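Welcome, and please take a moment to look over the sequence and the model before reading on. The notes below go from the annotated spans to the aromatic rings and then to a pocket.

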Amino acid sequence: MTWSATARGAHQPDNTAFTQQRLPAWQPLLSASIALPLFFCAGLAFIGLGLGLYYSSNGIKELEYDYTGDLGTSNCSVCAAAGQGRAPPPRCSCAWYFSLPELFQGPVYLYYELTNFYQNYRRYGVSRDDEQLSGLPSALRHPANECAPYQLSAAGLPIAPCGAIANSLFNDSFSLWHQRRAGGPYVEVPLDRTGIAWWTDYHVKFRNPPLVNGSLALAFQGTAPPPNWHRPVYELSTDPNNTGFINQDFVVWMRTAALPTFRKLYARIRQGNYSAGLPRGAYRVNITYNYPVRAFGGHKRIIFSSISWMGGKNPFLGIAYLVVGSLCILMGFVMLVVYIRYQDQNDEDEE
C-alpha cells in the first residue's frame, strides 16, 4: 500500500495553478451585438483592400507578343516550322517590331511566358539534386537517383546539373533595340540581367563546387551537360559571378511554377536613358528562337510590364478580396434578418 501510494504520487503533476488547470479563463459568448459588427467591419475592410488591389493591378501597363510561330501569326513561324515540333535549327532568329506612342512608364520588366507547361508535375518537380546544386563535390560525382533518367550520360558520366528541370532549361534569348527617330539607326537598349533571381536562391541554395587550380571548368571536369544543352554549365556566361550553378537564368528556371501558364523574369530595363521607362518611338526585339513548345501544344510570349506597390499585374488577388468581403457583408445581413425575426418571436412568446 505504501509503495503504491508513493508511485502514484510520483506521477502526479505539481500542485500549481497551471498544471492543475486552475488558471483564470475567459470564454467569449458571441451575441448578435458582437458578431454582426465584426462581419460588417471585416466585409468593408476586405472590399476596400480588394478595390485598391484591383485598380492598382489594372493601372499596370503590359505589352505582350506571342512568338510561338503559329502559321500566319508572326514572322517566327519559319523557325517553328523548321523544327517540326522538335528543336529548331541552331541560330534561327526572328524579330518583333512595335511602336510606342508615349512613354512606357518604368521601371520596365521583361518576362517570358510559357503555356501548357506543367512544372508542377511531381516526377518533374523532384527531378533534381539540391546537394549537387549547393556545390557539394560528392553530389557532383554521384547525382541523386531522383534525377533519372538524366542522372548519367550515355558515356556513364554524371550529368551536372542533373534532372529533368535542368534539362528543360529555357534557352531563347532577346535583345531590345530603339529607333529614336523615323529613318534613324536602331540603338540597343541595355537589359539588366543581374538580380533577377530570388536572393535566397542565389546566395543560399545555389553554389558552385570549389575551384580546382582557380578554374571552374576543372571543377566540372569528368561531368557531362544535360542532353538538351549545347554547352556545359560553366560556359553559361562569360561573367565568373554569373556562370555555373549560380547563373541567374538557371536559378530562375529551377524555381518551378505552380500553374501550367507561368512567367519568369528575363531582365529589367532601368539603365542609362531608359531608367524612367521606354520613350516613345519604334522598337525591335531580336529573338533567338531555340526552345521548342509546339510538341506539347504550348505557346511562348514576350511581355513588357510595369509594376506597382503590389508587384506585377495580378487581378485575381483583388477579385478574391472583393468576393470574400461581399460574402461577409451578405452573411451579416442574413444573420441580421434571422436575429430580428427570432427576436420578435421570443418577445411574442414572453408576452
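The unreviewed UniProt entry places the feature "transmembrane region" at residues 34-55 and 316-342; UniProt positions follow the numbering used here, feature names are shortened, and annotations may be inferred rather than shown by experiment. This is a predicted model, in which local features need pLDDT of at least 70, side-chain atom pairs count only at pLDDT 80 or more, and totals for chains, interfaces and linings use all residues. Residues are numbered from 1 along each chain as its sequence is written, and side-chain values use heavy atoms, with hydrogens and water left out.

**Annotated spans**
- Residues 34-55 are 100% helix and 0% strand, with their end C-alpha atoms 32 Å apart.
- Residues 316-342 are also 100% helix and 0% strand, and here the end C-alpha atoms lie 39 Å apart.
- Helices (H or I, at least four residues) and strands (E, at least two) are DSSP runs, numbered from the N terminus.

**Aromatic rings**
- The whole structure holds 25 aromatic pairs, meaning rings of Phe, Tyr and Trp (its six-membered ring) with centres within 6.5 Å; planes under 30 degrees apart count as stacked, over 60 as edge-to-face and the rest as tilted.
- Phe117 and Phe296 make an edge-to-face pair, 5.5 Å centre to centre with 85° between the planes.
- This pair links distant parts of the chain, 179 residues apart: Phe117 lies in the loop between β4 (108-114) and α4 (122-125), and Phe296 in the loop between β9 (281-288) and β10 (300-305).
- Phe117 counts as buried because its relative accessibility is 10%, while Phe296, at 29%, counts as partly exposed; buried means under 20% relative accessible area, exposed over 50%, and partly exposed in between (1.4 Å probe, protein chains only).
- Both belong to one aromatic cluster, together with Tyr112, Tyr124, Phe170, Trp253, Phe262 and Tyr291.

**Charges over rings**
- The charged end of Arg255 sits over the ring of Trp198, 3.7 Å from its centre; this term requires NZ of Lys or CZ of Arg within 6 Å of the ring centre and within 35 degrees of the ring normal.
- Arg284 has its charged end over the ring of Tyr186, 4.7 Å from the ring centre.

**The second largest pocket**
- Trp198 and Arg255 return here, among the lining residues closest to the centre of the second largest pocket, along with Arg263, Lys264 and Leu265.
- A pocket is an open set of points on a 1 Å grid over the protein atoms alone, where a 1.4 Å probe fits, with protein on both sides within 12 Å along at least five of seven lines; lining residues have an atom within 4 Å of a point.
- β7 (262-269) gives the most to this lining, with five residues.
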